[in-house]
Amino acid sequence: MNLLLLLAAIGVLLFFILGLRIQAFVSLLVVSIGFGIVAGMDPLDAVQSVQDGIGGTLGYVATVVGLGAMFGALLEASGGVGNLAKAMTDKASDRGAQWSLAFVGFLVSIPIFLDVALIILAPLLIGLARKSGRTVAYYGLPLTAGLLVTHSFIPPTPGPIAVTELIGADLAWVILVGVACGVPAMILGGPYWTPIALRLIGQDGTHHSHDDDEPHTSPADLDVKPVDETLQAGATAAVIAILIPIMLILLGSTAKYWLGDGNSLRTVLEFFGHPFLALIVAVLVTYYFYGVKKQIPRSELLRIMTKAMEPAGVVVLITGAGSAFKQILIDSGMGASLAEAVNPEAVPIVVFSFLVTLIIRVAQGSATVAMITGAGLTAPVLQAFIAAGAEFSGLQLALIVISISSGASCLSHVNDSGFWLVSRYLNLNEGQALKTFTTQTTIIGLVGFAMVL
C-alpha cells in the first residue's frame, strides 16, 4: 500500500506538470501537502514539513545559485568563456569535447558537490553551445554523467564517505572500486548515451532542431555584450577563474587530512573553502580583474550581476519545492517503511543494499540521503551475517559500498532537487529532462551495479 501510495503521488505530480501544464513550483507544493495528509500526517504538520524542507534547502541553494549566476555572467561578459569554448572546439571535435567534459566533471566533482560544480561550469557549457551551434544539453549531459558518478561513487564526497564509515569499509578500497565501477558507468551514461537521449526528445544536438517548450532559463545564458576583442580575457584566464572556487573548495575539503586539529592554516583553508566563501571570492576577483580592469563600466557590471539573478530565482524556487516533497516523504516515514519491507534473507547482501537504497532514492529524491539511509539499513544486516560466522574481505565491503552508491544514483526525477537544477541549466523542460537526465542516472546506477556484481 505504501508503494502504491507513493506511485500515485508521483503520477499525480507528473500529470499536473506534464498534462495540465501547471507550473512545477505550484505542482510540487500541492502534491507534497496532499501526500503528507493522505499518508497520515496532521495537516498542520504536513505544512510545517513543507516549510522545513524549503527552508533547509534554500539557505544553501539560494546562496550558491545566486553567486554562481553572477560569477558566470561576469566571466561571460569578459569574453573569457567564449574564448575558452573556442579553444576547446578548435582542438577537439564535438564528440571529443563531450568526452573531455565527462572526465572534467568526473575530476571536478571529487572535492565539491554536483550542484556547485554544475554552476561553476555552466558558463563553459553556454560558451561551447554558442560557438558550435549545438544545444547546451549536447555538452551538458556528458558533463553531468561525470559529476553524477563522482558525487555518488568517489570519496571524499560526503555520501561515499558516510557510507564507508557506516559499513566499516576501507577508504582506499572504496576509492579503487569506485573508480573501477564508476568510469564505465560514466562513459556509457555520458558520451555514449547523449546522442540517443537527444534523439528521444527530437534533437540532433543543434539549436534549430526543435522548438523549446519553455524559455531558456540558464543563469549564465544572459544578454551580455562581451568587451572589445583586444581587452577580452583569454582561454587561460577563463580556466584560472573557473579554478579559483574549485581549488579553494578542494583545499578546504582536504585540509583535515593533512593538517591537524587546531591548526590555524586549516581553519583559514576550511573557511575560504566553504562554497559560499569560494564563490564570493570568485565573484569579487572576476568583477575586478575581468570587469573593471577590462574597462567595463561599473554600471554595466551592476546591470549584468542584477540581471543574472532573475533566472536564478526560477531555479531556487523549484529546487526548494522539490526539497519540500523530499521532506514530506522523510517525515511521513514512507522511505523507511518501504525499505523495511524488503527481506534481507531472501536476497544476497549486495543486492539487498542496492534495492533498499534504490527504494529510498525513488521515494525521497536526495542521492546523499538515500546513501546514508541505505547504509544505515544495510549495516545491521551485515553485522548479523558477520555475527553468524560470515566473513567479508576489504574488497567485498567496498563492493557493498558501491552497490549502495549505485542504488542512490538511479531514477532521479521530480522529487530530486538536482533534477530541477540540471533541467533548468540544460534548458530542458520536465518531459525532456525525464527522457534524458532521468534515464542517464538510471543507466549510471545500473551499470555501476553490474560492475559490482
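Me: Which helix gives the largest share of the nonpolar patch?

Reply: Ground rules before that: this is a predicted model, where local features need pLDDT of at least 70 and side-chain atom pairs count only at pLDDT 80 or more, while totals for chains, interfaces and linings use all residues. Residues are numbered from 1 along each chain as its sequence is written, and side-chain values use heavy atoms, with hydrogens and water left out.

Patches are built from residues with over 30% relative accessible area and no salt bridge; like charges are joined within 9 Å, and nonpolar side chains (Val, Leu, Ile, Met, Phe, Trp, Tyr) within 5 Å. Accessible areas come from the Shrake-Rupley method with a 1.4 Å probe, and for residues only the protein chains shown count as cover. Helices are DSSP runs (H or I, at least four residues), numbered from the N terminus.

Here, the largest share is four residues, and they come from α12. Both α11 (235-258) and α12 (264-272) supply at least two residues each.

Me: Which residues make the nonpolar patch, and what is its area?

Reply: L251, Y257, W258, L265, V268, F271 and F272 make it, with about 680 Å² of surface.

Me: Which residues form the negative patch?

Reply: For charges, Lys and Arg count as positive and Asp and Glu as negative, with His and the chain ends not counted. The place of a charge is taken as NZ of Lys, CZ of Arg, CG of Asp or CD of Glu. In this model D42, D45, D52 and D331 form the negative patch. One of them, D331, is found in helix α14 (residues 298-331), and its relative accessibility of 39% makes it partly exposed.

Me: On to salt bridges. How many does a search of the whole structure find?

Reply: A salt bridge is a side-chain nitrogen of Lys or Arg within 4 Å of a carboxyl oxygen of Asp or Glu. The search finds five. Among them is R303 with E300, where the closest N and O atoms are 3.0 Å apart. These two are three residues apart in helix α14, so about one helical turn separates them. R303 is partly exposed at 33%, and E300 is partly exposed too, at 25%.

Me: Which parts does the D416 and R361 pair tie together?

Reply: The side chains of D416 and R361 meet at 3.2 Å, N to O. D416 sits in the loop between α18 (394-409) and α19 (417-425), and R361 in helix α16 (residues 349-364), so the pair ties together parts 55 residues apart in sequence. D416 is buried at 10%, and R361 is buried at 2%.

Me: Last one: which backbone oxygen does the side chain of S78 reach?

Reply: That of L75, at 2.7 Å. S78 is placed in the loop between α3 (43-77) and α4 (80-91), and S78 is buried, with a relative accessible area of 0%.

Conventions
Buried < 20%, exposed > 50% of the residue type's maximum accessible area, 1.4 Å probe, protein only. Polar contact = N/O pair within 3.5 Å; in protein donor to acceptor, adjacent residues only side chain to side chain.
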